[in-house]
Amino acid sequence: MEIAENPAISTLYHMPLTCSLAVRMAAEYGGIALEVIHADTLRSQDYKAINPLGLVCTLITPEGETITETSAALMWVQSQSSDNDFRREPQNADYYQLIRWIVFVATEIHKQIYRMVFYDELNDSSKDNIRALAPARFQLLDDHLAQHEYLLGDHFSAADAYLFWAMRLAERAGLDPAPYQHLNAYAQAVQSIPAIGATLADDWERKQKEMRK
């Protein structure tokens, strides 16, 4: 496993196209420098010494603090940004909406649905029952985005980075996002943001290289 070379900036342990991509995208958009270490073997003892569960994401701050869980890493990244339209402070009502939507993606989509349908030991019937949860969640998002450009209104946030990652994964998870007009238009608009599109393309290229090995 690679070792971080620059302790002056944050380090993100990452695997292409996994949830830590949301942290990469949020950091890129918010102007937060990251040293990205592609953890090619999460079962290694070296990595488990950093994150005992062997999962991504794991973020190490310049002060040496370890932050696991994508939700927490997203909150930290946005708090470090100098972009006032991207960063939400605790005294701002939007701060709690930011928490709301990050937690929504984490619990209602990422862990409740994606984590289960990609679990090899679960049978197909059980996976289909879990997929049946998606339409209500997608409809809620579609209704919200019919009235808002982004999850928090007029400006992109760390929550949008997480939701965009989830939407890029929807078809691979066996879900059908096609009926949700506003949700699909939102995902296309987010991908057109240069920092987001470029980071996604870089991750996809790395994933393809891994698959060719």
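**Figure 1. Contact of helices α1 and α7.** L21, A22, M25 and A26 in α1 meet A158, A161, Y162, F164 and W165 in α7, contact being heavy atoms within 4.5 Å. By class, the residues of this contact are nine nonpolar, no polar and no charged; Ala, Val, Leu, Ile, Met, Phe, Trp, Tyr, Cys and Pro count as nonpolar, Asp, Glu, Lys and Arg as charged, and the others, Gly among them, as polar. The model is predicted: local features need pLDDT of at least 70, side-chain atom pairs count only at pLDDT 80 or more, and totals for chains, interfaces and linings use all residues. Residues are numbered from 1 along each chain as its sequence is written, and side-chain values use heavy atoms, with hydrogens and water left out.

**Figure 2. Crossing of α1 and α7.** The axes of α1 and helix α7 (residues 158-169) come within 8 Å and cross at roughly 140°. α1 is therefore oblique to α7; angles under 35 degrees count as roughly parallel, over 145 as roughly antiparallel, 65 to 115 as roughly perpendicular and the rest as oblique. Axes are lines fitted to C-alpha atoms, for helices over the stretch in contact, and angles run from 0 to 180 degrees between N-to-C directions. The crossing of α1 past α7 is right-handed, the near helix being turned clockwise from the far one by less than a right angle.

**Figure 3. Contact of α1 and α9.** Helix α9 (residues 194-212) and α1 have axes that come within 9 Å and cross at roughly 140°, so the two helices are oblique to each other. This crossing, too, is right-handed. On α1 the contact involves L21, R24, M25, E28 and Y29, and on α9 A195, I196, T199, L200, D202 and D203. These residues divide into six nonpolar, one polar and four charged.

Figure 4. Four strands form an open sheet in the order β2-β1-β3-β4, with mixed pairing; two strands pair if DSSP finds at least two bridges between them. Helices (H or I, at least four residues) and strands (E, at least two) are DSSP runs, numbered from the N terminus. β2 (34-38) and β4 (66-68) are the edge strands, each pairing on one side only. From one strand to the next the twist averages 20°. Helix α1 (residues 20-30) packs on the sheet, touching β1, β2 and β3 (58-60), and its direction makes about 145° with that of β1.

**Figure 5. Strand β1.** Residues 10-14 form β1, which pairs with β2 in the parallel sense over five bridges. In β2, E35 is the bridge partner of T11 and I37 that of Y13. S10, L12 and H14 point one way from β1, T11 and Y13 the other way, and all are buried, meaning under 20% relative accessible area (1.4 Å probe, protein chains only).

Notes. Buried < 20%, exposed > 50% of the residue type's maximum accessible area, 1.4 Å probe, protein only.
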